[in-house]
Structure formats: C-alpha cells, structure tokens
Amino acid sequence: MQCFILQVDIKAKVLEVHHDTCIDVRGKLMRKQDIILGDMSATIRLCVWEPLIGEFKVNQSYSIGNISTRLFTDEKFLTTTKGTTKEEIDPMENVHPLPP
C-alpha cells in the first residue's frame with residue numbers, strides 16, 4: 001500500500017473541538033487535540049499538536065497553512081506540522097453539516 005503525504009493549505013470552519021490527550025510518540029509523551037473542520041464540500045478531522053492546542057475555537061473560520069494529509073486505518077485526516085500557520089478569517093457560510 002502506498003501512502004502519499006501532502007502539505008496543504010485550507011480554509012475551514014471549526015465545528016467541534018475535543019479535549020486534548022497525551023499519547024506516547026516514539027517514546028516521548030506529547031499532547032494532541034482533535035478538531036472537526038468543515039467547508040462547503042465536506043468535514044474532516046484535524047489532529048492538532050502542541051503548541052497549537054487550544055488555539056482553535058468552535059464556529060470560528062480559519063485559513064490554515066502547511067498542514068499534512070494522512071491516511072491511517074482507512075481514515076483520511078489532517079495534522080498540524082511544526083510549520084503550520086493559522087489566521088482567523090471572515091465567517092464561512094453554507095458549511096457541510098457534521099455526520100449524524
């Protein structure tokens with residue numbers, strides 16, 4: 001199986017913010033936080049790593065730069081990187097609803 005990791009920039013609205021958790025990453029304890037983003041076409045999970053934990057607010061729209069695509073156990077999601085940037089933008093309307 002081939003896995004392609006791409007660096008992307010997106011504009012999306014935060015639909016959900018989950019509590020942060022600590023996980024072991026190659027022997028180092030790290031904090032991560034999952035958020036759900038939406039735009040006009042779909043919703044997707046963004047895995048947020050320190051130092052961006054707590055920086056995203058529900059119902060706020062952002063331009064997020066330099067994030068990576070991932071495919072793990074058949075789930076596509078996004079993850080922040082050391083170079084990820086975020087900027088608040090004007091509220092996005094007509095955002096794809098959360099799945100039931």
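The legends below describe close-up views of a predicted model.

View 1. The protein has 0 helices and 7 strands. Along the sequence the pattern reads β-β-β-β-β-β-β. The radius of gyration is 13 Å, close to the 13 Å that the globule rule gives for 100 residues, so the protein is as compact as a globular protein of that length. Its C-alpha atoms fill a box of roughly 40 × 30 × 30 Å along the principal axes. Of the 100 residues, 34% are buried. The exposed surface comes to about 6,900 Å², with carbon and sulfur atoms supplying 54% of it. Among contacts between residues at least 6 apart in sequence, 56% join residues at least 24 apart.

**View 2. Strand E4 is largely enclosed.** Strand E4 spans residues 43-49. Buried residues account for 5 of its 7 positions, so the rest of the structure largely encloses this strand. E4 pairs with strand E3, residues 28-38, in the antiparallel sense. The two are joined by 7 bridges. They form a hairpin, with 4 residues between the strands. Within this pairing, Ile36 stands opposite Arg45 of E4. E4 also pairs with strand E6, residues 75-79. That pairing is parallel and runs over 2 bridges. Here Cys47 stands opposite Thr79 of E6.

View 3. The structure holds 0 disulfides. Cys22 is in no disulfide, and the nearest cysteine sulfur, that of Cys47, lies 12 Å away. The cut-off for a disulfide is 2.5 Å between sulfur atoms. Cys47 itself is buried, at 4% relative accessible area.

View 4. Side chains of opposite charge can pair when their charged atoms come close. The structure holds 5 salt bridges. One of them joins Arg31 to Asp20, with the closest N and O atoms 2.9 Å apart. This pair links distant parts of the chain: Arg31 sits in strand E3, and Asp20 in the loop between strand E1 (7-17) and strand E2 (21-25), 11 residues apart. Arg31 also meets Glu50 in a salt bridge, at 3.5 Å from N to O. Glu50 lies in the loop between E4 and strand E5 (61-72), 19 residues from Arg31. How accessible are these side chains? Arg31 is partly exposed, at 30% relative accessibility. Asp20 is partly exposed, at 35% relative accessible area. Glu50 is partly exposed as well, at 42%.

**View 5. Arg45 and Glu75 bridge two strands.** The side chains of Glu75 and Arg45 meet in a salt bridge, 3.0 Å from N to O. Glu75 is in strand E6 and Arg45 in strand E4, so the pair links distant parts of the chain, 30 residues apart. Is Arg45 buried or exposed? Arg45 counts as buried, with 17% relative accessibility, because the limit for buried is under 20%. Glu75 is partly exposed, at 32% relative accessible area. The pair belongs to a salt-bridge network that links Lys32, Asp34, Arg45 and Glu75.

**View 6. Thr80 is a buried loop residue.** Thr80 is placed in the loop between E6 and strand E7 (85-89). Is this residue buried or exposed? Thr80 is buried, with a relative accessible area of 7%. Which residues does Thr80 contact, leaving aside its neighbours within four places in sequence? They are Leu46, Cys47, Val48, Trp49, Leu52 and Ile67. Between Thr80 and Ile67 the C-alpha to C-alpha distance is 4.8 Å, although the two are 13 residues apart in sequence.

Methods:
Residues are numbered from 1 along each chain as its sequence is written. This is a predicted model: local features need pLDDT of at least 70, side-chain atom pairs count only at pLDDT 80 or more; totals for chains, interfaces and linings use all residues. Side-chain values use heavy atoms; hydrogens and water are left out. Buried means under 20% relative accessible area, exposed over 50%, partly exposed in between (1.4 Å probe, protein chains only). Two strands pair if DSSP finds at least two bridges between them. A salt bridge is a side-chain nitrogen of Lys or Arg within 4 Å of a carboxyl oxygen of Asp or Glu. The radius of gyration is taken over C-alpha atoms; the globule rule is 2.2 Å times the number of residues to the power 0.38. Contact means heavy atoms within 4.5 Å. Accessible areas come from the Shrake-Rupley method with a 1.4 Å probe; for residues, only the protein chains shown count as cover.
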